[in-house]
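My entries follow the order in which I looked.

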Amino acid sequence: MDARAIILSILHDALQTEARAGGRAVLLAGVDENLRAEARARLEPGTEVLFAAEMSGADNNATRWLLPPLALPDMADLCAGRASGPFAAQALDLLLAGRTVQTLAFSHKTREASAPPALYALCREYENRLASFGLTELRPHGERAPDKGESLVTERTVREARRRGEGTVTVRPGGVVTPLAAEAARDLGIRIIKQGGNK
């Protein structure tokens with residue numbers, strides 16, 4: 001197991017422990033009771049949900065930091081280190097301090113069926129980039145995050161990624177890349193990324 005996989009495993013365990021404790025979640029948004037209700041529905045029972053404006057400086061013991069659903073322009077700005085408003089700036093500051101920030105949703109996921117493949121692939125690249133910063137989607141309480149990456153990358157895997165307009169294929173730790181897949185990736189300009197490193 002490589003260092004990145006170990007760190008992700010420890011982070012996952014820490015977040016699960018934090019989640020069981022309930023705690024306090026802070027929404028980085030203007031006061032909106034619909035957002036509060038959406039956050040409560042996704043969080044574990046007993047978690048207090050406050051807005052940033054409801055927090056006092058001395059009472060800053062949040063266990064979770066949340067953003068409202070992020071649209072493509074918000075994702076692009078955050079990936080570039082730009083803040084489109086004070087709450088995005090606060091999220092960037094938290095990420096720079098090593099804190100995990102979660103969004104209630106990535107809005108592009110509701111348009112997968114209608115979006116042009118290349119544009120949807122760009123959204124996925126932004127989502128992956130944000131995850132590398134520590135900004136991920138808040139999954140409903142009890143829902144397990146899907147596995148990321150392929151355990152076996154074949155020529156077909158690479159060609160399907162190209163057809164969808166994706167520029168990369170991710171391989172799980174311990175995954176296998178066939179020689180034909182490597183050749184197809186080279187020919188088609190697809191990067192094969194092994195989790196924990198680059199190809």
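**Ground rules.** I noted that this is a predicted model, in which local features need pLDDT of at least 70, side-chain atom pairs count only at pLDDT 80 or more, and totals for chains, interfaces and linings use all residues. Residues are numbered from 1 along each chain as its sequence is written, and side-chain values use heavy atoms, with hydrogens and water left out.

**Confidence.** I looked up pLDDT, the predictor's confidence in each residue from 0 to 100, and found that the protein chain averages 82, with 81% of the residues at 70 or above. Helices (DSSP runs of H or I, at least four residues) and strands (E, at least two) are numbered from the N terminus; the lowest mean, 55, belongs to helix α1 (residues 3-20), and the highest, 94, to helix α3 (residues 72-79). Over residues 16-21 pLDDT stays under 50, and I found 4 contacts (heavy atoms within 4.5 Å) beyond four places in sequence for this stretch.

**Make-up.** I counted 7 helices and 8 strands in the protein chain. Of its 199 residues, 33% are buried, that is, under 20% relative accessible area with a 1.4 Å probe, protein chains only.

**Cores.** I took a nonpolar core to be a set of buried Ala, Val, Leu, Ile, Met, Phe, Trp, Tyr and Cys residues joined through side-chain atoms within 4.5 Å. The largest one has 21 residues, and Leu28, Leu67, Leu78, Val101 and Leu135 have the most contacts inside it. At least two residues of this core come from each of β3 (64-67), α3 and α4 (86-96), and α4 gives the most, with 5 residues. Leaving out residues up to four places away in sequence, I found that Leu78 touches Leu67, Leu70, Ala88, Leu92, Leu130, Phe133 and Leu135. Apart from this core lies another, of 11 residues, among them Ala25, Ala29, Leu43 and Leu138.

**Sheet.** I then followed an open sheet of 3 strands, in the order β6-β7-β8 with parallel pairing, where two strands pair if DSSP finds at least two bridges between them. Because β6 (150-153) and β8 (191-194) stand at the edges with a single partner strand each, one side of each is left without a neighbour in the sheet. β6 is joined to β7 (residues 168-177) by 3 bridges, and I noted that Glu150 has Val171 in β7 as its bridge partner.

Conventions
Buried < 20%, exposed > 50% of the residue type's maximum accessible area, 1.4 Å probe, protein only.
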